Amino acid sequence: MEVKENLIAIEQDIKKSLAKSSYGQTPTLIAVTKYVTIERAQEVVEAGVTHLGENRIEGFKDKRDNIDGVTMHFIGSMQTRKVKEVINHVDYLHSLDRMSLAQEIQKRAEKRIKCFIQVNVSGEDSKHGISVDEVQTFTQSLSEYDNIEVVGLMTMAPIDATDEEIRSYFKQLKQLQITINSLGLPHAPCTETSMGMSNDYKIAIEEGATFIRIGTKLVG
Ligand SMILES: *Cc1c(COP(=O)(O)O)cnc(C)c1O
């Protein structure tokens, strides 16, 4: 399928899901280009999507170095030793999930980095992320890191979750985001929620996602 056709279908879904949602904000679509070539990613940009997401350093650099005029999201787990290589080229980091990573970003960043705190809402062992109970404390303790801005929270639902389970995880993330936002912390405006992938973005939008991350359904 052409990217353009996929995009039209996704945009229709976004409208329908927004109509069902009590949150009125149209989410920003991040095209996850980790599976595809630079050429295919370029097609995405030509179709009008200017936010790209990559989960590995190599793919991130490939797209960043070869495609102009895009906002680059790093959505994968970030190894501490890789921070200095890429952090100053990241527009949004979706995977701030530990204090040691925050420390390294503080040390290496030459500007304030927009970060999502990754939350392990489902509590799955295999998932990265801060547990729901610890997000508030973790966020507060980032106040001393002036190179980090907590723009929001991010989560991923487990692959085998039912729609009801997915919905409850997304609801929890949204509530948590609203709670943190209400603290009025200068370093953590926390206005955003990054949730929803190819198989669950409709649910995510209904539950108030402001960034959705779509790979397979858009470029696959
Ligand atoms: C791969 C990936 C996506 C996109 O997944 P699709 O199912 O292909 O849409 C979204 N978020 C993260 C963190 C990913 O690693």
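A disulfide here is a pair of cysteine sulfur atoms within 2.5 Å. Keep that cut-off in mind for the first stop. The model is predicted, so local features need pLDDT of at least 70 and side-chain atom pairs count only at pLDDT 80 or more, while totals for chains, interfaces and linings use all residues. Residues are numbered from 1 along each chain as its sequence is written, and side-chain values use heavy atoms, with hydrogens and water left out.

**Stop 1: the cysteines**

Select Cys115. Its sulfur is 12 Å from the closest cysteine sulfur, in Cys190, which is too far for a bond. Now select Cys190. This residue is in no disulfide either. The disulfide count is zero. Cys115 is buried, at 0% relative accessibility (buried means under 20% relative accessible area, with a 1.4 Å probe and protein chains only). Cys190 is buried too, with a relative accessible area of 0%.

**Stop 2: the ligand**

Val32, Lys34, Tyr35, Ile75, Met154, Met156, Met197, Ser198, Arg213, Ile214, Gly215 and Thr216 surround the ligand.

Next, show the polar contacts (pairs of N or O atoms within 3.5 Å):

- Tyr35: a side-chain N or O atom is 2.7 Å from a ligand oxygen.
- Ser198: a polar side-chain atom sits 2.5 Å from an oxygen of the ligand.
- Thr216: a polar side-chain atom is 2.4 Å from a ligand oxygen.

On its own the ligand has 390 Å² of accessible area, and the protein covers 91% of that (Shrake-Rupley method, 1.4 Å probe).

**Stop 3: the largest pocket**

A pocket is computed on a 1 Å grid over the protein atoms alone: an open set of points where a 1.4 Å probe fits, with protein on both sides within 12 Å along at least five of seven lines, and lining residues have an atom within 4 Å of a point.

Which residues lie nearest the centre of the largest pocket? Select Lys34, Asn55, Ile75, Met156 and Met197. The volume is about 350 Å³, taken as the space filled by probe spheres set on the points.

**Stop 4: the second largest pocket**

Select Asn55 again, this time with Arg56, Ile57, Glu58, Phe74, Gly76, Ser77, Met78, Gln79 and Lys82. These residues line the second largest pocket. Its space is about 190 Å³. Colour the lining by type: three nonpolar, four polar and three charged.

Methods:
Buried means under 20% relative accessible area, exposed over 50%, partly exposed in between (1.4 Å probe, protein chains only). Ala, Val, Leu, Ile, Met, Phe, Trp, Tyr, Cys and Pro count as nonpolar, Asp, Glu, Lys and Arg as charged, and the others, Gly among them, as polar. A residue is near a molecule or strand if one of its heavy atoms lies within 4 Å of it. A polar contact is a pair of N or O atoms within 3.5 Å; within protein, one must be able to donate a hydrogen and the other to accept it, and residues adjacent in sequence count only if both atoms are side-chain atoms.
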